Amino acid sequence: FARNILKSITLAYKDILAYFIFYAIAIFSFGAIGSIIIRLPSDTPYDPMQSDYSNFFQMSFLMYVVSSYDTYPDYQMVALKVSIYYYIFWITFIFMNALFFINIPNTFIFMSFKKFRSKQILIDEIRQQTSLVLSFICLG
């Protein structure tokens with residue numbers, strides 16, 4: 001049973017790879033937009049490892065962490081204390097992540113997996129029928 005599931009997953013690798021590429025593009029795009037839009041005044045105290053919004057790679061990592069909803073309000077608090085308008089950026093990302101970046105691509109991956117899995121089930125049923133017919137022939 002597990003071998004058939006693993007085989008179905010490997011057959012759906014193109015969809016899984018396309019999803020990872022799409023998700024990386026979405027995260028890096030919002031990371032680039034965030035690193036351009038969000039600017040902190042020089043006198044704002046912040047942790048450079050947690051809230052360095054001007055660095056593209058740090059911002060992309062922050063967007064990835066926020067996309068997993070792991071530390072949702074923590075990474076945004078410094079920017080939100082500076083300006084309430086940064087809510088628009090964060091809420092837009094969270095909304096698009098919840099509705100578009102995760103649910104829709106996962107549905108396509110599941111449908112692809114289900115298609116390959118149903119083919120595997122059909123092939124297994126045909127093999128079982130053939131084996132059963134051959135057993136009755138051998139008995140007869």
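Colleague: Which residues in α3 are met by Tyr 23, Ile 27, Phe 28, Phe 30, Gly 31, Ala 32, Gly 34 and Ser 35 in α2?

Modeller: This is a predicted model, in which local features need pLDDT of at least 70 and side-chain atom pairs count only at pLDDT 80 or more, whereas totals for chains, interfaces and linings use all residues. Residues are numbered from 1 along each chain as its sequence is written, and side-chain values use heavy atoms, with hydrogens and water left out. Helices (H or I, at least four residues) and strands (E, at least two) are DSSP runs numbered from the N terminus, and contact means heavy atoms within 4.5 Å. On that basis, the α2 residues meet Phe 56, Met 59, Ser 60, Met 63, Tyr 64 and Ser 67.

Colleague: How do the residues of the contact of α2 with α3 divide by class?

Modeller: Ala, Val, Leu, Ile, Met, Phe, Trp, Tyr, Cys and Pro count as nonpolar, Asp, Glu, Lys and Arg as charged, and the others, Gly among them, as polar. The contact of α2 with α3 therefore divides into nine nonpolar, five polar and no charged residues.

Colleague: How are α2 and α3 oriented to each other?

Modeller: Axes are lines fitted to C-alpha atoms, for helices over the stretch in contact, and angles run from 0 to 180 degrees between N-to-C directions. The axes of α2 and α3 (residues 56-67) come within 8 Å and cross at roughly 125 degrees. Angles under 35 degrees count as roughly parallel, over 145 as roughly antiparallel, 65 to 115 as roughly perpendicular and the rest as oblique. The two helices, α2 and α3, are therefore oblique.

Colleague: Is α2 roughly parallel or antiparallel to α5?

Modeller: The axes of α2 (residues 13-37) and α5 (residues 86-101) come within 11 Å and cross at roughly 175 degrees. That angle makes the orientation of α2 to α5 roughly antiparallel.

Colleague: How many nonpolar, polar and charged residues has the contact of α2 with α5?

Modeller: On the α2 side the contact includes Tyr 19, Phe 22 and Phe 30, and on the α5 side Phe 89, Phe 93 and Phe 101. By class, its residues are 14 nonpolar, two polar and no charged.

Colleague: What kind of pair do the rings of Phe 93 and Phe 101 form?

Modeller: Rings of Phe, Tyr and Trp (its six-membered ring) pair if their centres lie within 6.5 Å, with planes under 30 degrees apart counted as stacked, over 60 as edge-to-face and the rest as tilted; the count comes to 12 aromatic pairs. The centres of Phe 93 and Phe 101 are 6.5 Å apart and their planes stand at 50 degrees, so the pair is tilted.
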